[in-house]
Amino acid sequence: MTQDELKKAVGQAAVKYVKPDTIVGVGTGSTVNHFIDALAEMKDQIIGAVSSSEQSTEKLKSYGIEVFDLNSVDQLDVYIDGADEITPHMAMIKGGGAALTREKIVAAVAKEFICIADSSKRVDVLGNFPLPVEVIPMARSYVAREIVKLGGDPVYRQGVVTDNGNVILDVHNMKILDPKAMEEKINAIVGVVTNGLFACRGADKLLLGTSNGVETY
Ligand code: 5RP
């Protein structure tokens, strides 16, 4: 199976975790796009969605799925999103699609975070995928210097402006042995909006697309 077929399989498998008459939290990315395609088939059974990006909002709306402002929603039963890397302890790197901040906010509200990913995303140690950090534009050089002190090599993602009007630094060459500590350290740098480590609030469940089928962890 191709990587995209594995992504499609987990995207389709995730709809069974969406409860009727609820609002579902929806992430961002190519795996989530498959989930949205599958969600559209049960759209009459749900109230609507809260979205983590303009890209997903557009796709949800194109199917006639109502998208709610998070401020008007008290509770989300599930949040379904992809990952760039995920460990057996359910810590993740996210933000390859630059949507990390809104993803982290929606994940914080949800009772359950279900990660959908193809098998290439499963790793023992995070950091092979460059860690995205969303930064207030005027703080870019300062934050980059502080990240160098933590042992990383930050690279400015040229031409990308996030949905929140900020920029992204992708941090290369970090072997992240303690994801919670690193998440807190980077978030403590003034000018950082958030970083793509989802360890303090990791996934609760993983649907992993493998050549043997969808495995659940
Ligand atoms: C976007 C994300 C995505 O979940 C992550 O990049 C995985 O993307 P894909 O499903 O396209 O492989 O965090 O900000």
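This note walks through a predicted model, point by point.

1. **Ground rules.** In this predicted model, local features need pLDDT of at least 70, side-chain atom pairs count only at pLDDT 80 or more, and totals for chains, interfaces and linings use all residues. Residues are numbered from 1 along each chain as its sequence is written, and side-chain values use heavy atoms, with hydrogens and water left out.

2. **Strand 1.** Start with strand 1, residues 23-26. Helices (H or I, at least four residues) and strands (E, at least two) are DSSP runs, numbered from the N terminus. I23 and G25 point one way, V24 and V26 the other way. In a regular strand, side chains alternate between the two faces of the sheet. Are these residues buried or exposed? All are buried. Buried means under 20% relative accessible area, exposed means over 50%, and partly exposed lies in between (1.4 Å probe, protein chains only).

3. **The partners of strand 1.** Two strands pair if DSSP finds at least two bridges between them. Strand 1 pairs with strand 2 (residues 48-51) in the parallel sense, over four bridges. Here V26 has S51 of strand 2 as its bridge partner. The chain gets from strand 1 to strand 2 through helix 2 (residues 30-40), and this β-α-β crossover is right-handed. That term means that, with the strands pointing away from the viewer, the path from the first strand over the helix to the second runs clockwise. Strand 1 also pairs with strand 3 (residues 76-81), in the parallel sense, over two bridges. In strand 3, the partner of V26 is I80.

4. **On to strand 6.** Strand 3 and strand 6 pair in the parallel sense over five bridges. L76 stands opposite A110 of strand 6. How many residues of strand 6 are buried? Seven of its nine are, and the strand is mostly covered. Strand 6 also runs parallel to strand 12 (residues 205-210), joined by five bridges. There, I114 stands opposite K205. Strands of a sheet pair through backbone hydrogen bonds, either parallel or antiparallel.

5. Three strands form an open sheet in the order 4-5-11, with antiparallel pairing. Strand 4 (85-86) and strand 11 (197-198) are the edge strands, since each pairs on one side only. Two bridges join strand 4 to strand 5 (residues 92-93). I86 stands opposite M92 of strand 5.

6. Which residues come nearest to the ligand? They are S30, T31, D84, G95 and K121, out of 17 residues around the ligand. A residue is near a molecule or strand if one of its heavy atoms lies within 4 Å of it. The shell divides into three nonpolar, eight polar and six charged residues. Ala, Val, Leu, Ile, Met, Phe, Trp, Tyr, Cys and Pro count as nonpolar, Asp, Glu, Lys and Arg as charged, and the others, Gly among them, as polar.

7. **Distances to the ligand.** A polar side-chain atom of D84 lies 2.7 Å from an oxygen atom of the ligand. For K94, a side-chain N or O atom is 2.9 Å from a ligand oxygen atom. G96 takes part through its backbone: a polar atom there is 3.5 Å from an oxygen atom of the ligand. Taken alone the ligand exposes 380 Å², and the protein buries 92% of that. Such areas come from the Shrake-Rupley method with a 1.4 Å probe; for residues, only the protein chains shown count as cover.

8. **Two positive phi values.** Most residues other than glycine have a negative phi. D21 has a positive phi, near 60°. D21 sits in the loop between helix 1 (3-13) and strand 1. D21 counts as exposed because its relative accessibility is 61%. A98 also has a positive phi, near 70°. A98 lies in the loop between strand 5 and helix 4 (100-109). A98 is buried, because its relative accessible area is 13%.

9. V125 lies in the loop between strand 6 (110-118) and strand 7 (131-135). At 33% relative accessibility, V125 is partly exposed. V125 and I86 are 39 residues apart along the chain, with their C-alpha atoms separated by 8.5 Å. P88 lies in the loop between strand 4 and strand 5. P88 counts as partly exposed, at 44% relative accessibility. P88 and Y217 are 129 residues apart in sequence, yet 8.6 Å apart in space, C-alpha to C-alpha.

How values were computed: A polar contact is a pair of N or O atoms within 3.5 Å; within protein, one must be able to donate a hydrogen and the other to accept it, and residues adjacent in sequence count only if both atoms are side-chain atoms.
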